[in-house]
Every structure is written in structure tokens, then in C-alpha cells.
Amino acid sequence: MGQSKEVIIIGAGISGLGMAIQLKRLLGHDNFTIYEKSDNIGGTWWHNRYPGCACDIPSHFYSYSFALKYDWTTMFPGRDELHQYFFSVAEKYDILPHCRFNAMCVSLVWDNLRSLWNCTFQDTISGETFKKEAPVVVSAIGTLDRPYIPNIEGSESFQGEVFHSARWNDSFKPEGKKIVVLGNGASATQFVPELVKDVGPQGSVTQFVRSAHWWTKRVSNSFITCHRPIRDASLSRSTQGNPKYSERFKLVLKHVPFAAKVYRIILAWQLERVFSSFYMNSNGAAMRQKIHDATYSFIESDAPPQYHEILKPRYEPGCKRRVNTASYMVCLHSPQMILTDNSVVKVGPDYVETKSGDRHVADAIIYATGFQTQKWLFPMQIKGINGQDLHQVWDAASGAEAYKGTVVSGFPNFFILYGPNAATGQHSVIFHSECQINYSCRLLRPVLKGKADSIMVKLEAQQQDLSWVHDKLKHLVFNSGCQSWILFQEFVDFAPFPLRNVNGLLSHVFITSIIVLETINCISNPMVTI
């Protein structure tokens, strides 16, 4: 009976793929369909293909705990290697036959009498709509899936090439062009050095930045990864700060019992300890001062003097995700590179104009301006019990909220991966996604095994959870006047996921499902079956 209950998963990115696999592994459930609006799996690692695109979390921790890869080529893998990894995992667990591509979810409506979700999808190629029914729906659409392009006067008059970095134009040839880059986030930090190399002596790259980052200088980790020191000048520039794993080290991880898991724990700990700097106490202040000093030293030693003040952040470390790089400061020394914090207020046919009235000739404009993150699950229309609209519920609450960032009162059998208050600014998103996935699978077990029709969190439990989050936030750096894309609507939508773990690292690095033990009895309290 349980196998007759279909699970619809929206999104074939990291979380959607992981959910599908764990339905098989943990619950033995094979009746599910993944609806993906693009034409391939991988999410961000399929859409993003700009030059230099790579992960800034160590590869051996930026991977599934149930699908360890022993032969990562480097510590910070490139986009192609990452996508190949996720594709190979999908093939290993036979997920591809369950995928329907070029299908975007338009609406979800709960039928309380039949305990079913009525789902409407749109074919992204033909534009035709179609409907499906399923008792369980899992949203795995992520947050960084809708590029944001600012509305600048005259933008429509520009006659050159224009695109967002997350939708890179593969046919774009930078050589000899005057390129304007708007934005300076993690993506721009990776592709700007590549553009500077490729524009040639007749071209240029002018980057307009809005705010500075807390920079981390990516250096070689001497921990049994390389045949030789990374500072060896014979190494290619692409390897600087991104050590290659030796063949010997790969063999050790593959054949020595627990070696790969121990290495993952070490990497997790190195990332986890950064969280201590978020606390507004003397220890946190001391750690933030170290981050401050390291960033300023990095800028002063590696960047051109004329850019020091532009590059130095003036807010507390931790407010924004730190950006690590091995090549960005170097590229600023190129005569082809111009960095400015002047604001672009107007675009002409072949130029951009700044607030101060300066004009910069432009053959191409590349937006590195982030994503539309202010509206969770938008533009899907989601209606739960008694037709209540999820977006209206969240608007009335001044922001999105979900119990453990995963389930919402009034919306049975609906699970959100990487949902409200489940973000992470210094850790592996895959790890945190696995925590939510394993938690969802435990809650789903009685539904898929035919012991319950639906499961839903009690409103009072959800409110208690949100109150707990807000109380914790009062003592963190995020309550110090920060401004960031992950912080909006008075912190209602955001809390770093490590807050969920009372014992920090020990509660979630050894086995990714440990976190659900705190709510394993949630089917009856504070969860309720209907």
C-alpha cells in the first residue's frame, strides 16, 4: 500500500537528488518523480558555467555522506567535476528514469478530503500545462535559482552583449572588449580574474562594487594533500591555493578503513569552528578581530594601494559570507583591470554612467548581482488546508517560517528543503540538506508505510521553534546591524543551521541523521497525524 503513494519532488538539484536517493535507501520507497524546470540535474552546478566556476567548500565535505568520492582531483573542485559527480550519483542510484525535465511547478493545492496535493506544472518548452496528484510534495527548488538584474535607467538601450553570470553566454568572446561587471560576490570573484586574462591588451574589465567582503586568502593546506608545496612557482596559476590530491592520498582514503570519514570530520571541524566568531561575547569578539586582521593584512599585502579602501569591509565579520580567493587580488594589478565603488545610475547604447557623472565605455555588461531571494518558493502558488495561501500566511507573519526549516503548520505532507532558518554561511550546504532530508524521511515513514494519511506540525510547536531561533539570534553577530541577502525581514527568515545543534559539531558531523533524534517522537508531539 505504501508504494502506491507517490512523492513529488520539485527540483533536481543537490537537495532534490539527495531526497530521491534517501527515499530509496532509508525507506525502500521507489514511487517518486522529480520535476525539474531545466534540462538536466545538478541545480546550481548545471546552471552556472562562468569561467572559473568552482566550489569554495572542500570537495571531500561538499559531497553526500552516502556517496563518498575518493578521487577528487583538487580541494576546491571546478563546476564540471562537481556536475559529473552528481550525475554519476544519480546514475548509481537509478534516479534519472524518475526525472521529468523542462517541467516547472506552477501551483500546489491541498485536497483535505482525499489527503492529496493537486499539482500544476508548465512545460518550459511548449508552454503547455499539465496536472498531477500526489499525497506528498517535497520542495527542493533552493534559493539561488532566480537571477536578479537591477532596473537601471536606459538598460534597454544598450547595444552590446548583456547577461547574468548565472546564465553565462557560452558564445561570449571577451578578447578585445570593454567589459563592465556589476557586482562583486563570490561568483564575480571567480570569473573576473579569468576575464582579465582573456580580454587581452586591447580590452578591459571595469568592476563596480557595492560593498566590501571579509576576504580569506586561499593558501595551500599541507595536510597530506600534495606531492610538493603549493608555493612552488612551477605550479600553474589555476592550482595556486587549490592543492591537488596526490594519488597516494586518494588510495589511502579509498582503502584505509574510516580514513575518508575521518578526513570529512576534520574538514567539518575546520568549517564549524568559524561559527564561534558569530557570538557577541568576548571569545567571539577575539575571533572576529583575528578575521579582521587577517583580511586587512591580505588586502594590504596583495592588492594595489589605490584599491585598499574599496576592498576593506566596515561591518562586523560574519554579517556576510566570507569570500576566499587565490587569484582575485592578483588580477587587480593588471593594467586591464579597473575597480570602483562608484554606482552605475544610467546605461547608454555603448556606455554606463555613474552617480558622479563619469562614463565608462562598454561593449558588454555582465551582471553579478545575485538572486531574487526575498520571496521563498516564489512564484509557486501553494494553498493548504481550507485554501490558505502560503505566501499570504508568511506575509502576515512578516516573513517565511517553518518548523526546523522543513514543515509548515496548515500544509500537510509538504516538506521544504533548505527552507526558512535553514541557511548556512560557512558550511557545506549538502551536509545541512542531508540533515533535513533524513528528518523528512523519518516523518514520512508512517505516511508512506500506510499507517497515516498525512502529517503536519502543530502551530504552537512551530511558534516555539521560531521563538527559540529569535532568542538565539539576539546573541549573534547577525543582530548587530548586518545587511545581507540572507538577512531580511527582521531575521524572521534566517538563522544559521548550526543553531539547531545544541552541542555544535559533535551533534552533527559523525552521522548526518543525528540531528533528527531531537524530534524523532514528533509524529505525536509536537507533530500530529491527520
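This is a predicted model: local features need pLDDT of at least 70, side-chain atom pairs count only at pLDDT 80 or more; totals for chains, interfaces and linings use all residues.

Where is the place of S276?

Guide: S276 sits in the loop between helix α6 and helix α7, the latter covering residues 282-302. Is that residue buried, partly exposed or exposed? With a relative accessible area of 37%, S276 is partly exposed, because that value falls between the 20% limit for buried and the 50% limit for exposed.

Now look at what lies around S276. Leaving out residues up to four places away in sequence, S276 touches G284 and M287.

Helix α6 runs over residues 259-272 and packs against helix α5, residues 247-255. Two packed helices are described by the angle between their axes and the distance between those axes. For α5 and α6, the angle is about 110° and the axes are 6 Å apart. The two helices are therefore roughly perpendicular to each other.

Which residues meet there? From α5 come F249, V252 and L253, and from α6 come A259, A260 and Y263. The residues of this contact are six nonpolar, with no polar and no charged ones.

Conventions
Residues are numbered from 1 along each chain as its sequence is written. Side-chain values use heavy atoms; hydrogens and water are left out. Axes are lines fitted to C-alpha atoms, for helices over the stretch in contact, and angles run from 0 to 180 degrees between N-to-C directions. Helices (H or I, at least four residues) and strands (E, at least two) are DSSP runs, numbered from the N terminus. Angles under 35 degrees count as roughly parallel, over 145 as roughly antiparallel, 65 to 115 as roughly perpendicular and the rest as oblique. Contact means heavy atoms within 4.5 Å. Ala, Val, Leu, Ile, Met, Phe, Trp, Tyr, Cys and Pro count as nonpolar, Asp, Glu, Lys and Arg as charged, and the others, Gly among them, as polar. Buried means under 20% relative accessible area, exposed over 50%, partly exposed in between (1.4 Å probe, protein chains only).
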